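Hi everyone, thanks for coming. I'd like to walk you through one chain today, a few places at a time. Have a look at it first.

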Amino acid sequence: MRNLVLFGTKAALESPAAKKVLAVALLADVKVSTEILDDESSQAMVWGGPPPKSMYLCIDGDFKVVMTNSIIRLIASMAPSTELLGRTPLEAAQIDSWLSFLWHSI
C-alpha cells in the first residue's frame, strides 16, 4: 500500500480542488492523509526546492504530483475495480471531458 499525503496551506487544503481530490479518494477507497504547511521553509523542505503555490500529492515520501486533475486521475487509477476512469476508451474520454469542465466551471 502506498503512502499518499496531500500537502498545502490551510486555505489550499480547504479549497474546492482539495475537496475534489479527497472525494475521489473516498470513492476509490484510497487513503490520503493531509498535512498543512504554513511557512515556505517547511514546504521547501518537503518539496526539495521552491514549493508550488497551492497543494501537491506526495507519494511514498518521494514522487510528487501537482495538478488537481492529475492527482485525481492517479488516485482513481489506484482502484481500477471502481471504474472511476471508465471501462472503455470512450468512457475514459467522456470522464476527461467532465474533469476539464469541472476544473474550469466549479
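Let's begin at Glu-83, which sits in the loop between α4 (68-77) and α5 (89-105); helices here are DSSP runs of H or I with at least four residues, strands are runs of E with at least two, and both are numbered from the N terminus. Glu-83 is not a glycine, yet its phi is positive, about 60°. Most residues other than glycine have a negative phi. With 40% relative accessibility, Glu-83 counts as partly exposed, where buried means under 20% relative accessible area, exposed over 50%, and partly exposed in between, using a 1.4 Å probe and protein chains only.

Before going on, some housekeeping. This is a predicted model, so local features need pLDDT of at least 70 and side-chain atom pairs count only at pLDDT 80 or more, while totals for chains, interfaces and linings use all residues. Residues are numbered from 1 along each chain as its sequence is written, and side-chain values use heavy atoms, leaving out hydrogens and water.

How confident is the predictor? pLDDT is its confidence in each residue, from 0 to 100; the chain's mean is 84, and 82% of its residues reach 70 or more. Where pLDDT is low, the predicted coordinates should not be read in detail.

Back to phi. Asp-60, in the loop between β3 (55-59) and β4 (63-65), also has a positive phi, near 55°. Asp-60 is partly exposed, at 38% relative accessibility. Just after α2 comes Asp-29, with a positive phi of about 55°.

That brings us to α2 itself, residues 16-28. Which of its residues are buried? They are Ala-17, Ala-18, Lys-20, Val-21, Val-24, Ala-25 and Ala-28. Seen down the axis of α2, these fall within an arc of 160°, so they line one face of the helix; the arc is that of the directions from the helix axis to the C-beta atoms. On the other side, Pro-16, Lys-19, Leu-26 and Leu-27 are exposed.

Finally, strand β1 (residues 4-8): five of its five residues are buried, so β1 is largely enclosed by the rest of the structure. Leu-4, Leu-6 and Gly-8 cover one side, with Val-5 and Phe-7 on the other. β1 runs parallel to β2, joined by five bridges, and pairs with β3 in the antiparallel sense, over five bridges; pairing takes at least two DSSP bridges between the strands. Phe-7 has Tyr-56 of β3 as its bridge partner.

Methods
The expected span of a helix is 1.5 Å times one less than its number of residues. pLDDT is the predictor's confidence in each residue, from 0 to 100.
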